[in-house]
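Here are my comments on the model you sent. They are in numbered points, beginning with a single local contact and ending with the overall fold.

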Amino acid sequence: MMTRVLISLLPIVLAAIYLFGLRVLVVLSVVTTTGILCEYGMMRLIDGKKAKVSEALFVTCLLFTLTLPPTVPLWIAAVGIAFGVVFGKCVFGGFGKNVFNPALVGRCFIYVAFPAHMTIAWAEPYTGLLGGFVHWSAGVDAMTSATPMILLGKEGVVTDYLRLFLGNISGSLGETSALLILLSAVYLIVTKTASWKIIVSCVATFAAFSAILYLTGTIQADPLFSILSGGFLFAAVFMATDPISAPRQELSKYIYGALIAIVALVIRAFSLFTEGIMFAILIVNAFVPLIDRNIKNLKDRKKARGQVAV
């Protein structure tokens with residue numbers, strides 16, 4: 001399963017390099033090395049000589065890297081993944097026992113702790129035949145003022161929808177191309193790696209709720225712009241479907257996806273944060289055991305009533 005997730009992320013990594021330069025590989029290397037050292041060190045404390053690094057760590061490191069701004073300092077990337085691995089995963093006992101998505105735990109920590117590096121300046125993507133494959137990084141001289149969501153919120157400028165779909169826009173490393181994210185989603189669903197119920201529920205609820213908020217004048221972005229901009233699609237496909245922190249019960253998956261979409265839009269519309277999907281997934285992660293337990297109890301009661309009737 002983890003191998004299939006890594007395969008699905010490969011085109012997005014290549015797109016990130018094309019758009020933002022070869023420095024992406026250095027960020028990924030720093031994140032992965034730090035993640036391995038932290039998980040192995042923590043698991044040594046937990047399991048002693050039986051300690052090992054889980055395959056899932058590589059997915060966590062790659063997902064975390066793809067949520068970062070292109071010019072993020074390497075030390076901040078290292079701090080973020082260390083926090084995510086230690087406090088989002090290992091303190092719960094290691095692989096399969098964590099309540100929260102560790103990649104998002106790490107991202108949330110550095111987003112709050114180092115906002116200047118995470119929210120203020122964004123790199124202009126490269127264009128042309130080879131793009132960032134022949135450049136190190138989009139440096140200070142190539143900085144743009146805002147992502148599409150910030151441009152809309154502050155200046156009322158609507159980014160071209162084709163650019164949003166293809167991905168030649170400013171943003172975090174893995175969130176820009178809706179096309180590649182959707183193709184990855186199809187692969188994950190066809191290979192039964194990710195739950196289509198969570199993805200469909202999340203996207204459909206997000207579209208419906210954003211339409212209501214748009215028509216009532218609460219938000220400036222129409223539903224299509226809301227879905228294509230920011231990190232919503234990337235998070236809905238790769239983060240919300242994390243098999244460890246997501247629900248097990250089938251009905252719970254629909255509820256889980258819908259709750260994530262609603263919370264994300266509430267944060268977008270009524271808070272100071274431009275993006276809400278990261279917080280939304282972590283908040284709803286906390287309710288997954290409760291949702292699963294109640295759905296299971298409901299099924300058991302229905303089954304018991306059916307047996308009594310017979």
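**Notes on the predicted model**

1. The backbone oxygen of Phe225 lies 2.6 Å from a polar atom of the Ser229 side chain. The model is predicted, and this distance is computed from its coordinates.

2. Ser229 sits in the loop between α11 (223-228) and α12. Its relative accessible area is 1%, under the 20% cut-off, so Ser229 counts as buried. Beyond its neighbours within four places in sequence, Ser229 is in contact with Met149, Leu164 and Arg268.

3. Helix α5 covers residues 102-113. With 12 residues at 1.5 Å each, α5 should span 16 Å, and the end C-alpha atoms are 17 Å apart, which agrees. At the start of α5, a side-chain oxygen of Asn101 comes within 3.0 Å of the backbone nitrogen of Ala103.

4. How many of the 12 residues of α5 are buried? Nine are, so α5 is largely enclosed by the rest of the structure. Among them are Pro102, Gly106, Arg107, Cys108 and Tyr111. The buried residues of α5 pack against α3 (56-66), α4 (74-88), α6 (115-120), α12 (232-239) and α14 (277-285).

5. The largest nonpolar core has 85 residues. Helix α1 (residues 2-20) supplies the largest share of this core, nine residues. The residues with the most contacts inside the core are Leu9, Leu66, Phe234, Phe238, Tyr256, Ile260 and Ile281. In soluble globular proteins, nonpolar side chains tend to be buried together.

6. Tyr256 deserves a separate entry. Not counting residues up to four places away in sequence, Tyr256 touches Ile198, Ala240, Ser245, Ala246, Pro247, Ile281, Val284, Asn285 and Val288. One of these, Ile281, is also listed with Tyr256 among the core residues with the most contacts.

7. The secondary structure comes to 15 helices and two strands. The radius of gyration is 20 Å, close to the 19 Å that the globule rule gives for 310 residues, so the protein is as compact as a globular protein of that length. Along its principal axes, the C-alpha trace spans about 75 × 60 × 35 Å.

8. Buried residues make up 52% of the 310 residues. Of the contacts between residues at least 6 apart in sequence, 73% join residues at least 24 apart. The accessible surface comes to about 14200 Å², and 69% of this area belongs to carbon and sulfur atoms.

Note on methods. Residues numbered from 1 in each chain as written. Predicted model: local features only at pLDDT ≥ 70, side-chain atom pairs only at ≥ 80, totals over all residues. Heavy atoms only, no water. Helix = DSSP H or I, 4+ residues; strand = E, 2+ residues; numbered from the N terminus. Expected span 1.5 Å × (residues − 1). Buried < 20%, exposed > 50% of the residue type's maximum accessible area, 1.4 Å probe, protein only. Contact = heavy atoms within 4.5 Å. Polar contact = N/O pair within 3.5 Å; in protein donor to acceptor, adjacent residues only side chain to side chain. Core = buried A, V, L, I, M, F, W, Y, C linked by side-chain atoms within 4.5 Å. Rg over C-alpha atoms; globule rule 2.2 N^0.38 Å. Areas by Shrake-Rupley, 256 points an atom, 1.4 Å probe, with all protein chains shown as cover.
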